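Here is a short briefing to read alongside the sequence and the 3D view. Take a moment to look over both, and then let us walk through some helices, a helix pair and a few single residues.

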Amino acid sequence: MAATPRFRKNAVDGKAVEGSTPEGSGPEEKHPVDETLPPLRMFTSGLQHVAAMYAGVVAPPMIVGPAVGLSAKETAFLMGASLFTAGIATLLQTLGFWRIGARLPFVNGVSFAGVTPMIAIGKDRGHDGIAVIFGAIIVAGLLGFVLAPYFCKLVRFFPPVVTGTVITLIGVSLLPVAFNWAQGGNATADDYGSTTNIVMAAVTLVIVLALRKLLRGFLQQIAILLGLVVGTLIAIPAGITDFGALGDADLVGFPTPFHFGAPQFEVAAIISMCIVMLVCMTESTADMLALGKIVGRPADERTIEGGLRADTLGSAISPLFNGFMCSAFAQNIGLVAMTKVRSRFVVAAGGVILVLLGLVPVAASVIALVPLPVLGGAGIVLFGSVAASGIQTLATAALEKGENALIVAAAVGVGLIPIAAPDFYHAFPEDLLVVLDSGISTGCVVAIVLNLAFNHWGRRPDEDPEAGAPADELPKDPMAVPVAH
C-alpha cells in the first residue's frame, strides 16, 4: 500500500501543505503556533506587533512618572525600562522554560490596571514613591507565581458562553483606547479631537482596509505595519509628527538595576498591588482562552498555568530593571486574528525588538514617531477584530439553550458600564475601583457566576449545561472541543 502523504500546516494561514514525508517517519507534524517563518518575515511581523503595542507600553510610565514627581528625563528612563521588561516578559511567554510560559503568540507589557493605584501609592514622593511601588510589585508578582497552579483551574468555568462574552468585551473595551488615540491621546492638548487628528485616523483606517483588500500573501499580512508607515508619512506635512524625541534620545542606554533606589515594602501598597495582580491574572486567563481559540490550540489548564507563571514572574523581575507590572496585551490578539500569522516565534522576535528598543533609546524614539491618530486608525481594525472573534465564539455557545442568551446580555451589560459611564462607580472605595473600572474583569466575573447559577447549580448530573446532551458524551476538558484548521 502506498504511504499516506503527510500534511504540514502553514504558520501563516494554517492551510495544509502536502509533503512527501510518509506517515510514521520523519519529523512530526508541527502546529502553526510552533513553526518559524523566514527571517525577513519574522522580523517584519514581529515589528508589526511592537508597533501595535508600543503606545500601550510607554503610556503607564508616561502617566505615573510625572505623578510621583519624576523629571522628564527620569520619566523617559522609565519608558525605556518598560520596553525592556516587556520584551523579557514576552520572551518568557512565547519561548518559556520548564513550566513557565504559555508558548503561544502572547504579548506581555505594562498593565494599565495598576496605573491608578500606583499613582495613589507614589504621588509626589519622588524616588521613594517609585521604590515603594517596585517593592509592592515584587511581592505581588511572587504571590501570583505561587497562586498560578491553583488559579489556572478556573479554566473549567470558561465554556464558550463565558469565553465568547469575555473575548467580545476585550475587543469592545479596547475600542475607546483607539478612539482616544485617534483624537490625539492627550485630552489636555489644544488639538485633542481636532479635525486634523480625526481625519488622519480615518485616512489610516482606509489605507489599512485598502491594503488588506488589494495586497496578497506576505504584504497582506503586514498591512497594519504598512498602513502605519504610510499614515506616518502623510502625517508629516499635516504637522502632527513630533521629531523632538528623536533628537533628545541617547544612542545607547541600559536600565540600571534599582536606578531609583532599593525597593521599599509598605503593607497598604502591597495589598493594593496584590489586588491588581489578581485582576491581571483574571484578564490574562481570558486573553489566553481567546488567543487559544484564534490560533486553533485551545488553552488548557497547563497552558494557562504556564502563562500565569510567565506573567507573574515577569512582574516580579520587572522592578529589578525599573519596570512595572506585566500583563497580557489584548490588542496583539487582534493582530493575530487579523493577519492569521500564528507562529509564537514571530511574537518572540517582537520581544527581542522590545529588549533592543529598551537598550537603544534612539531606536525606540523612531517607533515613537508614529502619531497617535495614525495608531488610532489602525487600532479600530485591530480591536474590532478581537470583538469579532468573540462573536464567532458566541455563535458556538448554543444561545438558544436555557438561559445562555441572558448570561451574555447581563455580562456584556455590566462589562460595558466602565466604557459607557466612566464615573458610574465614583462613590466606591478606590481599592474596589481596581476591579470595577475594568469592564473585562467585571464582565468575566458576572459571566462565570451566572453560568454556574443557570447551567450548573441544581442541574441533574446527566444534563449538559450547554447543549442538553448527556454528560458522558461531553469532553472531560470543557475547552477540548474540535477545532477545524
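**A helix to start with**

Helix H19 (residues 439–455) has 17 residues, and its first and last C-alpha atoms lie 23 Å apart, close to the 24 Å expected at 1.5 Å a residue. The expected span of a helix is taken as 1.5 Å times one less than its number of residues, and helices (H or I, at least four residues) and strands (E, at least two) are DSSP runs numbered from the N terminus. Please keep in mind that this is a predicted model: local features need pLDDT of at least 70, side-chain atom pairs count only at pLDDT 80 or more, and totals for chains, interfaces and linings use all residues. Residues are numbered from 1 along each chain as its sequence is written, and side-chain values use heavy atoms, with hydrogens and water left out.

**The protein overall**

- The protein holds 19 helices and 4 strands.
- Of its 485 residues, 53% count as buried, where buried means under 20% relative accessible area, exposed over 50% and partly exposed in between (1.4 Å probe, protein chains only).
- Among contacts with a separation of 6 or more, 80% join residues 24 or more positions apart; a contact means heavy atoms within 4.5 Å.
- The accessible surface comes to about 20500 Å², and 66% of it belongs to carbon and sulfur atoms; the areas come from the Shrake-Rupley method with a 1.4 Å probe, and for residues only the protein chains shown count as cover.

- H19 is mostly covered, with 12 of its 17 residues buried; among them are Gly439, Cys444, Leu450 and Asn455.
- Helix H5 (residues 160–183) has 24 residues that should span 34 Å at 1.5 Å a residue, and its end C-alpha atoms are 35 Å apart, which agrees.
- Because 18 of the 24 residues of H5 are buried, H5 is largely enclosed by the rest of the structure.
- Gly184 follows H5 and has a positive phi, near 130°.

**Helices H6 and H8**

- The axes of helix H6 (residues 195–214) and helix H8 (residues 223–238) come within 9 Å and cross at roughly 145°; axes are lines fitted to C-alpha atoms, for helices over the stretch in contact, and angles run from 0 to 180 degrees between N-to-C directions.
- On the H6 side the contact includes Met200, Val203 and Ile207, which meet a set in H8 that includes Leu226, Val230 and Ile234.
- The residues of this contact divide into 12 nonpolar, 4 polar and 1 charged; Ala, Val, Leu, Ile, Met, Phe, Trp, Tyr, Cys and Pro count as nonpolar, Asp, Glu, Lys and Arg as charged, and the others, Gly among them, as polar.

**Single residues worth a look**

- Glu305 sits in helix H11 (residues 301–317) and counts as buried because its relative accessibility is 9%.
- Leaving out residues up to four places away in sequence, Glu305 touches Arg99, Ala148, Pro149 and Cys152.
- Thr256 lies in the loop between helix H9 (244–248) and helix H10 (267–295), and at 40% relative accessibility Thr256 counts as partly exposed.
- Thr256 and Ala81 are 175 residues apart in sequence, with their C-alpha atoms 8.8 Å apart in space.

- Arg103 has a positive phi, near 55°, and belongs to the loop between helix H2 (72–94) and strand S3 (108–110).
- Ala398 has a positive phi, near 55°, and is buried, with a relative accessible area of 15%.
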